Amino acid sequence: MKRRIKTGGAPMRANAERAEEREVEQEFARDPLCFVVQKHQASQLHYDFRLELDGVLKSWAIPKGPSLDPGDKRLAMMVDDHPLGYRNFEGVLPEGYGAGAVMIWDEGTFVALNQTGREESEEAFRAGLERGQFSFILAGEKLKGEFALVRFKRAGEKTWLLVKKRDSFASSEVVAEQDRSVRSGRSMEEIRDSAVD
Ligand code: MN
């Protein structure tokens, strides 16, 4: 009597789906979307908050910098996209527009809320830019957990708010007081002084 081997379609499909999910996660782990926050001492101090999308860095200038306190709504003015490689810039910008020291204040990776893959996250980000509302999870050194960028309609197309959502990373700690580069450990003064002459 032949022994029947159970080869039910359902468990196999589930296995295949799990394998596919793992593949997406591994691919994302190899090639995640990145973010950077560059503290920029231009004529007005601000923090340039940049999220990777479609090979560029979508960028917002945040005068007060990001906050971990869900009660804070931080004004974030959308500015020009920057090339992806700009995330590695730390130093002093020459005279002209935006002259002054730039520090890599925080950096890491992000995913869109409820997404795991790069493509799905980018799709959600594109839709979020259209809609004026994008929720995402940051994995940086200073900034962690869920955040949302929300367009502030009354003030115009380029005016957004950055808000921390409530989760275990929310905190009343003033994160802007952590004022050294995550890349080099330098202060703004040290970055500025290193560029003299
Ligand atoms: Mn700037």
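This is a predicted model: local features need pLDDT of at least 70, side-chain atom pairs count only at pLDDT 80 or more; totals for chains, interfaces and linings use all residues.

Student: Which exposed residues does the face of H2 turned away from its buried side carry?
Tutor: That face carries Glu119, Ala127, Glu130 and Arg131. Residues are numbered from 1 along each chain as its sequence is written.

Student: What is the average pLDDT of the protein?
Tutor: The average is 90, and 86% of the residues score at least 70; pLDDT is the predictor's confidence in each residue, from 0 to 100. Over residues 4-9, though, the value is below 50, and that stretch has one contact in the model beyond near neighbours in sequence. A contact here means two C-beta atoms, placed from the backbone, within 7 Å.

Student: How do you know that the buried residues of H2 line one face?
Tutor: The buried residues of H2 are Ser121, Phe125 and Gly128. Seen down the helix axis, they fall within an arc of 65°, so they line one face; the arc is that of the directions from the axis to the C-beta atoms. These residues pack against S1, S2, S6 and S7.

Student: What makes the length of H2 agree with its 14 residues?
Tutor: The expected span is 1.5 Å times one less than the number of residues. For H2 (residues 118-131) that gives 20 Å, and the end C-alpha atoms are 20 Å apart, so the two agree. After H2 comes Gly132, with a positive phi near 85°.

Student: How many helices and strands does the protein have?
Tutor: There are three helices and nine strands. Both are DSSP runs numbered from the N terminus: helices are H or I with at least four residues, strands E with at least two.

Student: Why is Gln38 called buried?
Tutor: Gln38 has 25 other C-beta atoms within 10 Å, which meets the cut-off, so it is buried. Gln38 lies in S1 (residues 33-41). Leaving out residues up to four places away in sequence, Gln38 touches Asp48, Val102, Met103, Ile104 and Trp105.

Student: What makes S7 and S8 a pair?
Tutor: Pairing requires DSSP to find at least two bridges between the strands. S7 (residues 133-140) and S8 (residues 144-151) have seven, in the antiparallel sense, so by that rule they pair. Phe134 has Leu149 in S8 as its bridge partner, and a hairpin of three residues joins the strands. S8 also pairs with S9 (residues 159-164) in the antiparallel sense, over five bridges. On the S4 (residues 73-83) side, five bridges join S4 to S9, again antiparallel, with Leu75 opposite Leu161.

Student: Which residues have the most contacts inside the largest nonpolar core?
Tutor: They are Phe49, Ala76, Phe110, Phe136 and Leu162, in a core of 30 residues. Such a core is a set of buried Ala, Val, Leu, Ile, Met, Phe, Trp, Tyr and Cys residues joined through C-beta atoms within 7 Å. S6 gives the most to this core, with eight residues. Phe136 touches Phe110, Val111, Ala112, Leu113 and Phe147, not counting residues up to four places away in sequence.

Key. A residue is buried if 20 or more other C-beta atoms lie within 10 Å of its own, exposed if 12 or fewer, and partly exposed in between; C-beta atoms are placed from the backbone.
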